[in-house]
Amino acid sequence: PRRVLLAPSLLASDFTRLGDELQAIAGADWAHVDVMDGQFVPNISFGLPILAAARAASPLFMDVHLMIDRPERYLKDFADAGADGLTVHVESTPHIHRAVQQIRELGKKAGVTLNPGTPLETLRPLLPDVDLVLIMSVNPGFGGQKFIPHSLDRIRTVRRWLDELGSAAELQVDGGVGPTNARAVVNAGASNLVAGSAVFGPGGAQAGLERLREALK
Ligand code: DX5
Ligand code: ZN
């Protein structure tokens with residue numbers, strides 16, 4: 001069976017207790033950091049200072065999902081603030097390949113993603129040069145939305161493309177993932193699951209993470 005990395009999304013955490021929340025997910029693999037600018041997506045979340053605080057409070061791999069217009073303007077800033085990986089949207093810049101190159105030049109893991117309505121072909125030319133592909137299974141901008149079922153087909157297609165290339169890139173899925181569908185998402189080919197509301201729910205993040213791991217057994 002495929003090894004699966006879990007990446008709780010800090011967007012759903014209690015920001016007044018960010019240090020404790022990071023402690024509670026210490027058993028996870030990555031921390032997913034959702035940056036929204038109110039332009040690329042219709043919501044504003046948080047940015048550089050919160051990433052820097054999370055970085056200082058936790059040794060987890062900081063997986064930064066940039067939902068911002070023309071992310072190339074800020075890649076170095078996010079790298080300096082403690083990102084280990086940076087994921088950019090194909091829709092957010094006319095120079096997506098250059099953005100990927102810049103992330104690699106900064107010595108960080110380069111990820112690429114796309115909205116549910118964007119044709120998968122837009123990311124195909126990038127596949128040989130990325131460390132991660134993120135399939136969005138909700139429209140980005142908000143936590144707590146419902147998983148779009150057709151995403152499973154998209155995961156299967158990208159899994160096939162990566163395997164054909166012999167790529168070891170992570171295939172990450174983000175949006176509406178929880179104990180009820182995690183198994184199906186992994187069976188479709190995902191290696192890396194983002195989960196916000198399913199982890200930071202009632203009962204605390206440690207229990208939420210445990211429920212997710214149980215569902216994958
Ligand atoms: C959506 C974000 C997701 C979100 C996931 O724009 O990219 O990472 O926080 O939250 P859930 O797991 O609640 O759908
Ligand atoms: Zn995200």
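Reply: Let us begin with burial. A residue is buried if 20 or more other C-beta atoms, placed from the backbone, lie within 10 Å of its own, exposed if 12 or fewer, and partly exposed in between. In the protein chain, buried residues make up 44% of the 217 residues. This is a predicted model, in which local features need pLDDT of at least 70 and side-chain atom pairs count only at pLDDT 80 or more, while totals for chains, interfaces and linings use all residues. Residues are numbered from 1 along each chain as its sequence is written, and chains are lettered from A and ligands numbered from 1 in the order in which they are written.

Me: How many helices and strands are there in the protein chain?

Reply: Helices (H or I, at least four residues) and strands (E, at least two) are DSSP runs, numbered from the N terminus. The protein chain has seven helices and eight strands. Its radius of gyration is 16 Å, close to the 17 Å that the globule rule gives for 217 residues, so the chain is as compact as a globular protein of that length. That radius is taken over C-alpha atoms, and the rule is 2.2 Å times the number of residues to the power 0.38. Along its principal axes, the C-alpha trace spans about 45 × 35 × 30 Å.

Me: Which residues come nearest to ligand 1?

Reply: A residue is near a molecule if its C-beta atom, placed from the backbone, lies within 6 Å of it. There are 22 residues around ligand 1, and Ser9, Pro140, Gly143, Gly196 and Ser197 come nearest. Strands β2 (30-36) and β8 (192-195) each supply at least two residues of this shell. By class, the shell divides into nine nonpolar, eleven polar and two charged residues. Here Ala, Val, Leu, Ile, Met, Phe, Trp, Tyr, Cys and Pro count as nonpolar, Asp, Glu, Lys and Arg as charged, and the others, Gly among them, as polar.

Me: Which residues does UniProt list for "binding site"?

Reply: UniProt positions are given in the numbering used here, with feature names shortened, and annotations may be inferred rather than shown by experiment. One "binding site" listing in the unreviewed UniProt entry holds His32, Asp34, His65 and Asp174. These are spread over 143 residues of sequence, yet they cluster in space, with a largest C-alpha distance of 10.5 Å. Another UniProt listing under that name includes Ser9, His65, Gly141 and Gly196.

Me: Is Asp34 buried or exposed, and what does Asp34 touch?

Reply: Two residues are in contact if their C-beta atoms, placed from the backbone, lie within 7 Å. Asp34 lies in strand β2 and counts as buried because it has 24 C-beta neighbours inside 10 Å. Not counting residues up to four places away in sequence, Asp34 touches Ser9, Leu11, Ser45, His65 and Met67. His65, in strand β3 (residues 61-67), is buried as well, with 27 other C-beta atoms within 10 Å. Among the contacts of His65 beyond four places in sequence are His32 and Asp174.

Me: Where do Gly141 and Gly196 lie?

Reply: Gly141 is in the loop between β6 (132-136) and α5 (151-165). Gly141 is partly exposed, with 17 other C-beta atoms within 10 Å. Gly196 lies in the loop between β8 and α7 and is buried, with 26 such atoms within 10 Å. Leaving aside residues up to four places away, Gly196 touches Ser9, Leu11, Ala12 and Gly143.
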